[in-house]
Amino acid sequence: INRSFYFTRSLKFYDHFYTTKSHGVKEFKKYGVKKVFFVNNSFDPHTHKKIFLNKKKNRFKASVGFIGTWEKNRAKIMNFIARSGINIKWWGSVSNRHYLLQKLYHDHNITKFNSTLLGKNYTKAINSFDIAICFLRNDNKDFQTTRSVEIPACGTFMMAERTKEHQSLFKEGVEAEFFSSKEELLEKIRYYLKNKDKRNQIARAGRKRCEKSGYSNDKVIKKILLSIKGKKLK
């Protein structure tokens, strides 16, 4: 949903176009792009990494945390979780047209920060969550997002919406956890908050998968450069 008239008109001038939206391969070709390739999202190893913070002075510490723009559907799910006694911290901007609506979907167990976390603060926050939720944006037809790899790359336990692309990136119940409904999400949050060792085991495995499968920016860019030379993009 975030594209301009100029972006759409310029597509026909590209020889190669790479997108992290799998549905975009067919769509971009309609605009005249000669060759369109799908690539998974990637992470920056210098930014998205495991760090250790002082628990007593850590303002980001949370049992359940989410970093992302406020949306009504996300708020409904978060409220459902919060009403069950789960404390949540949420960082994300809110548009002017959604500001009043946000107040209607705000449970007292949700601490909401109307700001965007970037760089070191983004990494500090992810490292501070026992469980980091990964919501997708339906308006963008997302099956994965940048958080899909950034959270596990930080060595944090990820609870993401269940999609085929997520399941191809990480083994369910081993390297990450997934949910298809708010009821399943709540059930799994309760379980993993009580089972720290299992949660940490999955978090470590997710981090290893990011490294082993080459989900870093430099590895993905290398594949892109090779494909421009005519070699198959895997």
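In this predicted model, the sulfur of Cys-210 has its closest cysteine sulfur in Cys-154, at 9.0 Å, which is too far for a bond. Cys-210 is also buried, because its relative accessible area is 1%. For the sulfur of Cys-134, the closest cysteine sulfur belongs to Cys-210. The separation is 12 Å, so a bond is again ruled out by distance. Cys-134 counts as buried because its relative accessibility is 0%.

A disulfide is a covalent bond that joins the sulfur atoms of two cysteines. The cut-off applied here is 2.5 Å between the two sulfur atoms.

The overall fold was examined next. The protein chain contains 10 helices and 8 strands. Its radius of gyration is 19 Å, close to the 17 Å given by the globule rule for 234 residues, so the chain is as compact as a globular protein of that length. The C-alpha trace spans about 55 × 40 × 30 Å along its principal axes.

Contacts within the chain were then sorted by sequence separation. The count took in contacts between residues at least 6 apart in sequence. Of these, 61% link residues at least 24 apart.

Of the 234 residues, 46% are buried. Cys-134 and Cys-210 are among the buried residues. The accessible surface of the protein chain amounts to about 13,500 Å². Carbon and sulfur atoms account for 52% of that surface.

The charges were also located. The protein chain carries 51 positive and 20 negative charges. The mean position of the positive charges lies 4 Å from that of the negative charges.

Lys-35 belongs to strand E2, which covers residues 35-38. Its relative accessibility is 45%, so Lys-35 counts as partly exposed. That value falls between the limits of 20% for buried and 50% for exposed. With residues up to four places away in sequence left out, Lys-35 touches Asp-15, His-16 and Phe-17. Tyr-18 was compared with Lys-35 by distance. The two residues are 17 residues apart in sequence. In space, their C-alpha atoms are 8.6 Å apart.

Note on methods. Residues numbered from 1 in each chain as written. Predicted model: local features only at pLDDT ≥ 70, side-chain atom pairs only at ≥ 80, totals over all residues. Heavy atoms only, no water. Helix = DSSP H or I, 4+ residues; strand = E, 2+ residues; numbered from the N terminus. Buried < 20%, exposed > 50% of the residue type's maximum accessible area, 1.4 Å probe, protein only. Contact = heavy atoms within 4.5 Å. Rg over C-alpha atoms; globule rule 2.2 N^0.38 Å. Areas by Shrake-Rupley, 256 points an atom, 1.4 Å probe, with all protein chains shown as cover. Lys, Arg positive; Asp, Glu negative; His and termini not counted. Charge placed at Lys NZ, Arg CZ, Asp CG, Glu CD.
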